[in-house]
Amino acid sequence: MTEFVKLFELLISASLVNNFVFTWFLGLCIFFGVSKKMETALGMSVTFTAVMMISTAISWIVYKLIMVPLNIEFLMIIVFIGIVAGLVQGSDTIMRKVAPALYYKLGIYLALISTNCIILAVPLMSVGNKYSFIESIVFALGSGLGFSLALIIMASIREKLELADVPKYFKGLPMAFVVTGMIALAFTGFAGLIKH
Amino acid sequence: MSATTEEISYWELIKNGILKENTIFKLALSLCPAIAVTNNLKNGVFMGAAVIFVQVMVNVTISAMRKFIHPRIRLPIFMLVISGWVTVVNLGMDALVPDVYRSVGLYIQLIVAFASILARAEMFASKNTIMPSMFDGIGMGLGFLVALVTISFFRELIGKGMLWGVPIINAKPLLILVLPAGGFFAVGILMAAFNWMYAKYFTKGNSH
């Protein structure tokens, strides 16, 4: 039971308290890139969460079963980026053959994912924090959900922002940054949710 | 090309990296570290230096090998080169500046996922000889460093009243700027300021 509580805490922590976008500032390129429309934001969220969990699981297995016994932990950046790139390329090919309908919907997000720093940060952090296999997966799920939440909030605001009268030099990205700052400020309210 | 035009074009390459294609303010790429590490000047400077090193070394390596890389597998090879150099920086900084590394370490490792470095390797270094690629790397890296230094300068000065850990302003600081949320505000406002400055001073001068 305590084990379960701990996992739940980890999930909440990764998705709300230490939200990757608002407190770690990771995945911002994607965050600003795909949050213009709700539809793309949703597609990205689903694809991203799924890929993240699979890649974290594979990275954990490779790290624990291959890299630690061989004493090559210093190669982890190269190995992890290789896993992500391979996974993205592989699922791209498999999805195109097996589920073409899904591929046409989500395919373009797959290609974008390999440039997302969160997907690399999660395996690196779960190694750094010495998470167990289950903990790593829960951590990945939480990060994915947190990122999705951020994307959806931002997309719904930006759709309205299109119509707003923004000062000339603030148009586009600068304004998006200021808005993100405000959301981040709101997210600091979650900080007390978990005792450290 | 004669020697003089080449010298000018090196200068142009550096200027291009700092102003016209400034990674952060103009292209809006590699934003993660721009906010994450810039709550004090020291971190900003070291992060910028790490990026310059990686960008220059990657550009040089790729352009030296460009004839041997088969176009179909070029992206995995670029990634491999980038992550190799990032590992070098990562281990180097861990050994040389451990106190900085403790706070920016994760972001150093994530230089691998910088779109800007891959983009320069793909668009510039894989098509040009070594010297122009090196200067292109210096230019892009300097642009990144300038942006990081500007952001962290304002954030540390206003948010803590300090620069490089030394107290400067003897007043109650505006704490929000060193908080995560303040980072977004600072980048948003500086980006708008950069747009304004660029529109006002550089668009006419560049159209000769």
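Helix 5 of chain A and helix 4 of chain B are roughly antiparallel to each other, a label for angles over 145 degrees. Their axes, lines fitted to C-alpha atoms over the stretch in contact, with angles taken between N-to-C directions from 0 to 180 degrees, come within 9 Å and cross at roughly 150 degrees. Helices here are DSSP runs of H or I, at least four residues, numbered from the N terminus.

A quick word on the model: it is predicted, so local features need pLDDT of at least 70 and side-chain atom pairs count only at pLDDT 80 or more, while totals for chains, interfaces and linings use all residues. Residues are numbered from 1 along each chain as its sequence is written, and chains are lettered from A and ligands numbered from 1 in the order in which they are written.

Who meets whom in this pair of helices? From chain A, I77(A), I78(A), I81(A) and A85(A) take part, and their partners in helix 4 of chain B include P76(B), M79(B), L80(B) and N90(B). Contact means C-beta atoms, placed from the backbone, within 7 Å.

Now the whole interface: 33 residues of chain B are in contact with 31 residues of chain A. On the chain B side, helix 2, helix 4, helix 5 and helix 8 (180-206) each supply at least two residues, and helix 8 gives the largest share, 11 residues.

Last, please look at helix 5 of chain B, residues 98-109.

Key:
The expected span of a helix is 1.5 Å times one less than its number of residues. Angles under 35 degrees count as roughly parallel, over 145 as roughly antiparallel, 65 to 115 as roughly perpendicular and the rest as oblique. Two residues are in contact if their C-beta atoms, placed from the backbone, lie within 7 Å.
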